[in-house]
Each structure stands twice: as structure tokens, then as C-alpha cells.
Amino acid sequence: MPLGLGRRKKAPPLVENEEAEPGRGGLGVGEPGDRGGAGGPQMGLPPPPPALRPRLVFHTQLAHGSPTGRIEGFTNVKELYGKIAEAFRLPAAEVMFCTLNTHKVDMDKLLGGQIGLEDFIFAHVKGQRKEVEVFKSEEALGLTITDNGAGYAFIKRIKEGSVIDHIQLISVGDMIEAINGQSLLGCRHYEVARLLKELPRGRTFTLKLTEPRKAFDMIGVRSGGGRPGSGPQLGTGRGTLRLRSRGPATVEDVPSAFEEKAIEKVDDLLESYMGIRDTELAATMVELGKDKRNPDELAEALDERLGDFAFPDEFVFDVWGAIGDAKVGRF
């Protein structure tokens, strides 16, 4: 069957680092297409009882400076943020994102859906809010968008020499609250990237941003690192805690060399095609594709699990090739 023929949209997709909620009233991020509504029954496994959750304790600090706290008993990203908020007596909505083993806004160390068992968690909370007018002189703004798995989309990378690169007020790590007054709280990264892409060229638009609160030694730092994947995200050889949107968190082995390279290559393709980076989404795609015999089987699996992303056929074909290259060691 030619690639793409007969592909059908199935049930709402699952992305491992997301927490689906029945509405948009809070900060929860749903699966693509889960925009709230009447609040029908949620599919999947119920939350695990506390006794079945991994009894793991992690150390954490606020990135701008704080005493060290201890957190445990979480099974997904939203619960993790809630535990951090409890430890430091903050509203959970103040937590923007977390980095592993560094207090700096380093996108190579961004916490996704996996935490090394010996990783130290630094929580970045809301700092200064700002409003910036941008003239879209080119089709591509030079932004790569990601999200925190709990309702906030933010800037992961700024391309050198791009439209945004020339605006010093905009930095890596800034949360995108609104575009032209339209709130983006609760939107996924791909939705924000699409809205930015659809803005008409030759017009001025307004971005409402919130930057992470910075420690003194971080003042003036604009960009959070170099080439994606250039630094390790996990800091332990003992294993990782994988956070899931449904069902218990699980302790797993560190990804193999094949999986790490395949995830990196698929993440690069997500940025190239969609303007987003999401290692957990890439990991899910690699998991779905590593045992498939041809691109059509991969396309069907992606439609079933991640259908609302509506990946184009050429993207699926490139993902198939990237996984195949990683299998045989063509890095």
C-alpha cells in the first residue's frame, strides 16, 4: 500500500509527558485535540494507589536560589510541579519548567518525561512579564517551541540571525502567554508554532511573554545552550524514572545507544518540519517505529497513537529512515 493511503484518525493520542484533563480552565495540557468541553469520561488507566508508586526521593531547589527540598510520590509532570510547589510553598502555576543538574536556563538539560535516579532538579519559576511588538519581515521567525507538559509553551531555541534573534527582549526560556491578545495557556507546542507560522508576513504582532526568574549570575544570559542534544539530559547510569500521563511511573534502564540516537534524529525532524522540540514525543515515535517493517506500518501506528498531530507523509518517511539509520549505526 502506498504511504499514506487509507490512513485514518483514531482515538486521541498519548504523549508520555502530558497530563490530560477534561477542561481548559486550569493549566493542564491535554493530548492533541483534547481542548476540554463537557468533560466526558477519561480513557486509560486510573491513577495508581500511592503504595504502588516508586518510592524514590529527589532533591530539588528553585533555580534562582533556595534551600534544598525533598520530593517524592509523583507519577507525572503535573504532580512533580505540584510537589515542588508544596516543598517551597508556592502556587503550582508559578513553576514554568525544570532543568536537571543545572540552575541555568539550559535547554539541553530540560526535564522531559524521564529523570535520572540521581538527578538534581532545579525548578524555574515565573519572573518578569513583558510585552514585545514583532514585525514579521520573513516567513520564518527563527523560533523553536517546546512545552512543559503542564500547559505552558516556551521558547527552546532562537536561530542565529533570525527575526527574533534581533530582538534582545526575547530570550530562550520565555513562556509565550499570548499572541495578539489570544491566550495560549494550555496550548501545546505544535499549536503555538502553527499560530506563529500563520501570522501574515509584513505585519506587526504582539507577544506577551514571561521570563523565568533569574539568579544574579544568570542576569544577561540570553540563550540556554548550543546544539540540541549536545549535552546529556540524564545524569546517572543507574536508570531513569519515566513519568507517564496514565498509569504509574516506571523505573527503566537508561536508553540504549540506538534509542538515544534515533530519538535525537527524530527530534531534529520535529524541529525541521513543525518548529517544535519534544524528546518524549520523539521517544514515543521511536518506540512505535522500531519494530515496524515498512513506512506504511509506521504511518498507521502514528495515526492510531498520535493522530491529531496529522504528520505529513514525507515526515513519516523521514522518521522511518532516521530510525533505520540509527539501527544500523549510520549516525
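A nonpolar core is taken here as a set of buried Ala, Val, Leu, Ile, Met, Phe, Trp, Tyr and Cys residues joined through side-chain atoms within 4.5 Å, where buried means under 20% relative accessible area, exposed means over 50% and partly exposed lies in between, for a 1.4 Å probe and protein chains only. The structure is a predicted model, in which local features need a pLDDT of at least 70 and side-chain atom pairs count only at pLDDT 80 or more, whereas totals for chains, interfaces and linings use all residues. Residues are numbered from 1 along each chain as its sequence is written, and side-chain values use heavy atoms, with hydrogens and water left out.

The protein has 331 residues, of which 51% count as buried, and its secondary structure comprises six helices and twelve strands, these being DSSP runs numbered from the N terminus (helices, H or I, at least four residues; strands, E, at least two). Among contacts with a separation of 6 or more, 67% join residues 24 or more positions apart, a contact meaning heavy atoms within 4.5 Å. The largest nonpolar core has 77 residues, and those with the most contacts inside it are I121, I170, I176, L196 and M285. In soluble globular proteins, nonpolar side chains tend to be buried together. When residues up to four places away in sequence are not counted, I176 touches I145, A153, F154, I155, L184, V192, L196, L207, K208 and L209.

M285, named above for its contacts within the core, also takes part in the packing of helix α3 (residues 257–274) against helix α4 (residues 279–289), whose axes come within 8 Å and cross at roughly 115°. Here axes are lines fitted to C-alpha atoms, for helices over the stretch in contact, and angles run from 0 to 180 degrees between N-to-C directions. The contact is made by F258, A262, I263, V266, D267 and L270 of α3 and by T279, L281, A282, A283, M285 and V286 of α4, and these residues divide into ten nonpolar, one polar and one charged. Because nine of its eleven residues are buried, α4 is largely enclosed by the rest of the structure; the buried residues are E280, L281, A282, A283, T284, M285, V286, L288 and G289. At the start of α4, a side-chain oxygen of D278 reaches to within 3.1 Å of the backbone nitrogen of E280.

T99 lies in strand β3 (residues 95–100) and is buried, with a relative accessible area of 0%. A polar atom of the T99 side chain lies 2.7 Å from the backbone oxygen of T102. Leaving aside neighbours within four places in sequence, T99 is in contact with K104, D106, K109, L110, L111, F120, I121, F122 and H124. E191, found in helix α2 (residues 189–198), likewise counts as buried, at 8% relative accessibility; the C-alpha atoms of E191 and I145 are 9.6 Å apart in space, although the two residues are 46 apart in sequence.

Most residues other than glycine have a negative phi. N180 is located in the loop between β8 (175–179) and β9 (182–183), and counts as partly exposed at 45% relative accessibility.

Conventions
Nonpolar A, V, L, I, M, F, W, Y, C, P; charged D, E, K, R; others polar. Polar contact = N/O pair within 3.5 Å; in protein donor to acceptor, adjacent residues only side chain to side chain.
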